[in-house]
Structure formats: structure tokens, C-alpha cells
Amino acid sequence: MEAINKAREKRTQNVVLYNCPSFSEAFSAFFAQLFHSRLYLPCLLLPFSSVAPFKVEDLYIEGLERVYLLNFLGPKGFAAQLSQRSMCQVIGFDHRKSVLAHIRKDCP
């Protein structure tokens, strides 16, 4: 929560959520960090755990433009609710075919 509070103060425009703990997701987060740092874009990387997941309210950051979900959608309806409440783009990257059916249900 401390990192989120700092992001609020700085009005960070990009948040990257990756599923934790997983090697492939951590690697995805590393590349997201490289991408944003290379373009000098402020970015907050956060591990997302299903044990103690973030709520949409936790991620309210004024000026937030994009939230990247790397290899997961979050709890049911999380991505759609985040997009509606924060008015930001929610961009998901996932390599698994099984996720496609969930995207259609959760994100109209």
C-alpha cells in the first residue's frame, strides 16, 4: 500500500499488475519495467496475489491512464469494474487460450 500511496502523490499514469508468485509473470513485469523506463513513462509494478487481492478502490490514482494485467484477469469482474470506475484503459496480456472465454464474460 505504501507504493500505491507514493504513486498517488506522483500521479503515476501507468500501473502493471502481475500474478504472483510465478516466474513467467515476474519476467513479464521485468519487460514492462524495461519498456516504460526506456520511454521515460512513470510506472508502478505491483504483484497481484489471489490470497490477498487488491480491490478496485485500492488502485484509485488520480491521473491513471492505463492498467496492464499480465497473464491474469484478477477476480471475476475486476478488469471491467476497474475500467468503469477509474475511466482508464485496462490492457490484458495473456498467452493462455483458456482465458479467452473469461474475457468475453468479464469484459463486455
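This report describes the sheet, the helices, the nonpolar cores and the salt bridges of a predicted model.

The strands form an open sheet of 4 members in the order 2-1-3-4, and their pairing is parallel. Strand 2 and strand 4 (89-93) are the edge strands, each of them pairing on one side only, and from one strand to the next the twist averages 20°. Strands of a sheet pair through backbone hydrogen bonds, either parallel or antiparallel.

Strand 1 and strand 3 run parallel and are joined by 5 bridges; along this pairing Val-16 stands opposite Tyr-68 of strand 3, while Tyr-18 has Leu-70, also in strand 3, as its bridge partner. Strand 3 is mostly covered, with 4 of its 5 residues buried.

**Helices against the sheet**

Helix 2 (residues 23-38) lies across strand 1, strand 2 and strand 3, and its direction makes an angle of about 165° with strand 1. In helix 3 the buried residues are Phe-78, Ala-79, Ala-80, Leu-82 and Ser-86, and the helix is followed by Met-87, whose phi is positive, near 60°.

In soluble globular proteins, nonpolar side chains tend to be buried together. The largest nonpolar core of this model has 19 residues, of which Val-15, Leu-17, Leu-46, Leu-59, Val-67, Leu-69 and Phe-78 touch the most other members. At least two residues of this core come from each of helix 1 (2-10), strand 1 (14-19), strand 2 (43-48), strand 3 (66-70) and helix 3 (78-86). Apart from this core lies another, of 6 residues, among them Tyr-18, Ala-29, Ala-32 and Leu-70.

The surroundings of Val-67 can be listed in detail: leaving aside residues up to four places away in sequence, Val-67 touches Val-15, Leu-17, Leu-82, Cys-88, Gln-89, Val-90 and Ile-91.

**Salt bridges**

Side chains of opposite charge can pair when their charged atoms come close.

| Salt bridge | N to O separation |
|---|---|
| Glu-2 and Lys-6 | 3.7 Å |
| Arg-11 and Glu-62 | 3.1 Å |
| Arg-66 and Glu-65 | 3.5 Å |

Glu-2 and Lys-6 are 4 residues apart in helix 1, and therefore about one helical turn separates them. An α-helix has 3.6 residues a turn, so residues three or four places apart point the same way. Glu-2 is exposed, with a relative accessible area of 58%, whereas Lys-6 is partly exposed, at 47%.

In the remaining pair, Arg-66 is partly exposed, with a relative accessible area of 23%, and Glu-65 counts as partly exposed at 34%.

How values were computed:
Residues are numbered from 1 along each chain as its sequence is written. This is a predicted model: local features need pLDDT of at least 70, side-chain atom pairs count only at pLDDT 80 or more; totals for chains, interfaces and linings use all residues. Side-chain values use heavy atoms; hydrogens and water are left out. A nonpolar core is a set of buried Ala, Val, Leu, Ile, Met, Phe, Trp, Tyr and Cys residues joined through side-chain atoms within 4.5 Å. Buried means under 20% relative accessible area, exposed over 50%, partly exposed in between (1.4 Å probe, protein chains only). Contact means heavy atoms within 4.5 Å. Two strands pair if DSSP finds at least two bridges between them. Axes are lines fitted to C-alpha atoms, for helices over the stretch in contact, and angles run from 0 to 180 degrees between N-to-C directions. A salt bridge is a side-chain nitrogen of Lys or Arg within 4 Å of a carboxyl oxygen of Asp or Glu.
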